[in-house]
Amino acid sequence: MKTWIINTARQLGLLKADFTATERMRLPSHGQREDEEFILVRDGSVSKWATFRCPGACGERIDLSLNPHQRPHWKVTLDWWRRPTVSPSVHQRNTCGCHFWIRKGNVVWCKGG
């Protein structure tokens, strides 16, 4: 029911977000990922990965480790609408060079990013 409400709100333009998250138990292979999806991989209460497409020109898939015992690692929280907030910022080290935050599902570009 909640997914239906969220999808309907997005389709009607009532919920504006660059990303809403879906949760899975395993990290899908690159061929199984939808371009616009933000996937949060959890096993029970343990968050493992967040994966999504770079919002910049390169469009590469970004896989962020959520394991606090690895470096670097990020933290993802979801609000009721499943909009992710990612901390710290994401800085692409490829030619794209994008540097951004994701706050309540929306991309917030860093200065020069």
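**Entry 1: surface and charge**

I began with the surface. The accessible area of the protein comes to about 7,200 Å². Carbon and sulfur atoms hold 52% of that area. I note here that this is a predicted model.

Next I looked up the charges. I found 18 positive and 10 negative side chains. The centres of the two sets lie 7 Å apart.

**Entry 2: fold and dimensions**

I listed the secondary structure: one helix and eight strands. Read from the N terminus, the order is α-β-β-β-β-β-β-β-β.

I then checked burial. Of the 113 residues, 35% count as buried. For contacts with a separation of 6 or more, residues 24 or more positions apart account for 35%.

**Entry 3: Val 41**

I went to strand E2, residues 38-43, where Val 41 is found. Is Val 41 buried or exposed? Its relative accessibility is 2%, under the 20% cut-off, so Val 41 counts as buried.

I looked up what surrounds Val 41. Leaving out neighbours within four places in sequence, Val 41 is in contact with Arg 24, Met 25, Arg 26 and Leu 27, and also with Val 46, Ser 47, Lys 48 and Trp 49.

Thr 85 sits in strand E6, residues 84-91. At 19% relative accessibility, Thr 85 falls under the 20% limit and therefore counts as buried.

Which residues does Thr 85 contact, beyond four places in sequence? I found Lys 75, Val 76 and Thr 77, together with Ile 102, Arg 103 and Lys 104. For Lys 104 I also have an atom-level distance. A polar atom of the Thr 85 side chain lies 2.9 Å from the backbone nitrogen of Lys 104.

I followed Lys 104 further. It is found in the loop between E7 and strand E8 (106-109). At 52% relative accessibility, Lys 104 counts as exposed. Its phi is near 50 degrees, a positive value in a residue other than glycine.

**Entry 4: Gln 92**

I moved to the loop between E6 and strand E7 (99-103), where Gln 92 lies. Gln 92 has a relative accessible area of 12% and is buried. Not counting residues up to four places away in sequence, Gln 92 touches Cys 54, Cys 58, Glu 60, Ile 62, Gly 97 and Cys 98.

**Entry 5: backbone exceptions**

Most residues other than glycine have a negative phi, and most peptide bonds are trans. I looked for departures from that.

Arg 82 is not a glycine, yet its phi is positive, about 65 degrees. Arg 82 lies in the loop between E5 and E6. Its relative accessibility of 24% makes Arg 82 partly exposed.

Where are cis peptide bonds found? One joins Arg 71 and Pro 72, with omega about -5 degrees. Pro 72 is in the loop between strand E4 (61-65) and strand E5 (75-78). Another runs from Ser 87 to Pro 88, with omega near -5 degrees. Pro 88 lies in strand E6.

Notes. Residues are numbered from 1 along each chain as its sequence is written. This is a predicted model: local features need pLDDT of at least 70, side-chain atom pairs count only at pLDDT 80 or more; totals for chains, interfaces and linings use all residues. Side-chain values use heavy atoms; hydrogens and water are left out. Helices (H or I, at least four residues) and strands (E, at least two) are DSSP runs, numbered from the N terminus. Buried means under 20% relative accessible area, exposed over 50%, partly exposed in between (1.4 Å probe, protein chains only). Contact means heavy atoms within 4.5 Å. Accessible areas come from the Shrake-Rupley method with a 1.4 Å probe; for residues, only the protein chains shown count as cover. Lys and Arg count as positive and Asp and Glu as negative; His and the chain ends are not counted. The place of a charge is taken as NZ of Lys, CZ of Arg, CG of Asp or CD of Glu. A polar contact is a pair of N or O atoms within 3.5 Å; within protein, one must be able to donate a hydrogen and the other to accept it, and residues adjacent in sequence count only if both atoms are side-chain atoms.
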